[in-house]
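Thanks for coming. I have one structure to show today, and I will keep to a few points about it. Please look at the picture first.

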Amino acid sequence: MKNNIRVERAVLRMTQQQLAERIGVARQTINAIEAGKYVPSTVLALKMAAVFDKSVNDIFMLEETD
């Protein structure tokens, strides 16, 4: 699964730490999601979408191999 969290954070000038605090996870979790090493739960994906005021589909995209 691909994502554009890094881009969305840049638009809001938000650090990984700030995003992590807003959604209640560790900064390392945000780092792992951005790097594609961790697929977030539905709840976590919805929380991120709410922070960015986007739909989950605007932030996360399936790859052909998914």
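This is a predicted model: local features need pLDDT of at least 70, side-chain atom pairs count only at pLDDT 80 or more; totals for chains, interfaces and linings use all residues.

Let me start with helix α2, which covers residues 16-23. Which residues of α2 are buried? They are Q16, L19, A20 and I23. If you look down the axis of α2, these buried residues fall within an arc of 100 degrees, so they line one face of the helix. An α-helix has 3.6 residues a turn, so residues three or four places apart point the same way.

What do the buried residues of α2 pack against? Their partners are α1, α3 and α4. On the other side of α2 we find E21 and R22, which are exposed.

R22 deserves a moment. Its relative accessibility is 56%, and exposed means over 50%, so R22 counts as exposed. Even so, R22 touches M14 and V51, leaving aside residues up to four places away in sequence. R22 and M48 are 26 residues apart in sequence, and their C-alpha atoms are 8.8 Å apart in space. Just after α2 comes G24, with a positive phi of about 80 degrees.

Now the neighbour. Two packed helices are described by the angle between their axes and the distance between the axes. Here the pair is α2 and α3, the latter being residues 27-34. Their axes come within 8 Å and cross at roughly 110 degrees. Angles from 65 to 115 degrees count as roughly perpendicular, and therefore α2 and α3 are roughly perpendicular to each other.

Which residues make this contact? From α2 there are Q16, Q17, L19, A20 and I23, and from α3 there are R27, I30, N31 and E34. By type, the residues of the contact divide into 4 nonpolar, 3 polar and 2 charged.

How many salt bridges does the whole structure have? A search finds 3.

In one of them, the side chains of E34 and R6 meet, with 3.3 Å from N to O. E34 lies in helix α3 and R6 in helix α1, residues 5-12, so the pair ties together parts that are 28 residues apart in sequence. E34 is buried, because its relative accessible area is 10% and the cut-off for buried is under 20%.

E34 also meets R9 in a salt bridge, at 2.5 Å from N to O. This pair links distant parts of the chain as well, with R9 in helix α1 and E34 in helix α3, 25 residues apart. R9 is buried, with a relative accessible area of 10%. Taken together, R6, R9 and E34 are linked in a network of salt bridges.

Another salt bridge joins E8 and K54, whose closest N and O atoms are 3.9 Å apart. E8 lies in helix α1 and K54 in the loop between α4 (42-52) and α5 (56-59), so the pair ties together parts that are 46 residues apart in sequence. Are these two residues buried or exposed? E8 is buried, at 9% relative accessible area, whereas K54 is partly exposed, at 37%.

To recap, α2 has buried residues lining one face, α2 and α3 are roughly perpendicular, and E34 belongs to a network with R6 and R9. That is all I have.

Methods:
Residues are numbered from 1 along each chain as its sequence is written. Side-chain values use heavy atoms; hydrogens and water are left out. Axes are lines fitted to C-alpha atoms, for helices over the stretch in contact, and angles run from 0 to 180 degrees between N-to-C directions. Helices (H or I, at least four residues) and strands (E, at least two) are DSSP runs, numbered from the N terminus. Angles under 35 degrees count as roughly parallel, over 145 as roughly antiparallel, 65 to 115 as roughly perpendicular and the rest as oblique. Contact means heavy atoms within 4.5 Å. Ala, Val, Leu, Ile, Met, Phe, Trp, Tyr, Cys and Pro count as nonpolar, Asp, Glu, Lys and Arg as charged, and the others, Gly among them, as polar. A salt bridge is a side-chain nitrogen of Lys or Arg within 4 Å of a carboxyl oxygen of Asp or Glu. Buried means under 20% relative accessible area, exposed over 50%, partly exposed in between (1.4 Å probe, protein chains only). The arc is that of the directions from the helix axis to the C-beta atoms.
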